[in-house]
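Please look first at the sequence and then at the fold that accompanies it. The explanation below the display is meant to be read with both in view.

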Amino acid sequence: WLISPLSIMFKLNNGYLRQNQQLRAALERETALLAAQNCTALDEAELRMILAKLEIADTEKERGMLDHQKIAKMANNPMLYSVLSAADQLTETIISGIRGYIMEKKQSSSDIDEQHRQLVDAIVSKDATLAEQRMSEHMETIEAYMNEMDQMIQLQM
C-alpha cells in the first residue's frame, strides 16, 4: 500500500538521484542491522542460496534481481521494506548502469560479490554492528562508482 505513492514521489524527484541513493544507503544500513538481529536458520539458508545464484548468474539483470530484497524482508519492518522498494523502482536503471560499468571496468564484479558474502556472513552470525558496517562499505562502494560515472560523463561533455 505504501510502494505506489512513494514510487510516484521518487519519480517526481527524478533529478535527485544522489539524494535517493543517500536515502537508500541509510535505510539499507538499518535493514542489515535488523536482519542480523532477526536472522533464523531458514533465513541463513535462503541467503546462502541467493549468494550461490549470484555466482552462477549470467547477466547483470539476473544479478540485480537477487540483490537486497531478502535482507529488507528479514528486517521485519514493512515501512523500511516499502520505502526501499519504492526507491529501488526509481533507481533500477541506475543500479543496472552501475553494474554494467563495474563489469566493463573490471570484467567482473568480484569486489561487489565479496562485499555481499561478507554482509551475509555478518548477518548470519547475528553481528548487527558488523552487518551495518558491511552494508555501509557496500553502499560507499556503490556511491564511489556513481561518482566515477559522473566524472566520466562530465569529461565527455
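The paragraphs that follow move from the whole protein to single residues and their partners.

This is a predicted model, in which local features need pLDDT of at least 70 and side-chain atom pairs count only at pLDDT 80 or more, while totals for chains, interfaces and linings use all residues. Residues are numbered from 1 along each chain as its sequence is written, and side-chain values use heavy atoms, with hydrogens and water left out.

The protein has eight helices and zero strands. Here helices (H or I, at least four residues) and strands (E, at least two) are DSSP runs, numbered from the N terminus. Of the 157 residues, 42% count as buried; buried means under 20% relative accessible area, exposed over 50%, and partly exposed in between, with a 1.4 Å probe and protein chains only. The protein exposes about 8,800 Å², and carbon and sulfur atoms supply 56% of that area, as computed by the Shrake-Rupley method with a 1.4 Å probe. A contact means heavy atoms within 4.5 Å. Among the contacts with a separation of 6 or more, 80% come from residues 24 or more positions apart.

The buried residues of H7 include Ile112, Gln115, His116 and Ile123. Just after H7, Lys126 takes a positive phi of about 60 degrees.

Ile123 belongs to helix H7. Ile123 counts as buried because its relative accessibility is 0%. Leaving aside neighbours within four places in sequence, Ile123 is in contact with Ala32, Ala35, Ala36, Cys39, Leu47, Ile71, Met74 and Ala131. Cys39 is 84 residues from Ile123 in sequence, yet their C-alpha atoms are 6.8 Å apart.

Two other buried residues of H7, Ile112 and His116, are among the residues touched by His138. His138 lies in helix H8 (residues 128-156), and with a relative accessible area of 3% it is therefore buried. His138 also touches His68 and Gln115, again not counting residues up to four places away in sequence.

What holds charged side chains in pairs? Side chains of opposite charge can pair when their charged atoms come close. The structure holds eight salt bridges, each a side-chain nitrogen of Lys or Arg within 4 Å of a carboxyl oxygen of Asp or Glu. In one of them, the side chains of Arg48 and Asp121 meet at 2.8 Å, N to O. Arg48 lies in helix H3 (residues 41-56) and Asp121 in helix H7, so this pair ties together parts that are 73 residues apart in sequence. Arg48, at 34% relative accessibility, is partly exposed, and so is Asp121, at 39%.

Arg117 forms a salt bridge with Glu55, with the closest N and O atoms 3.5 Å apart. Because Arg117 lies in H7 and Glu55 in H3, the pair ties together parts that are 62 residues apart in sequence. Arg117 also forms a salt bridge with Glu114, at 3.2 Å between the closest N and O atoms. Both of these residues lie in H7, three residues apart, about one turn of the helix. An α-helix has 3.6 residues a turn, so residues three or four places apart point the same way.
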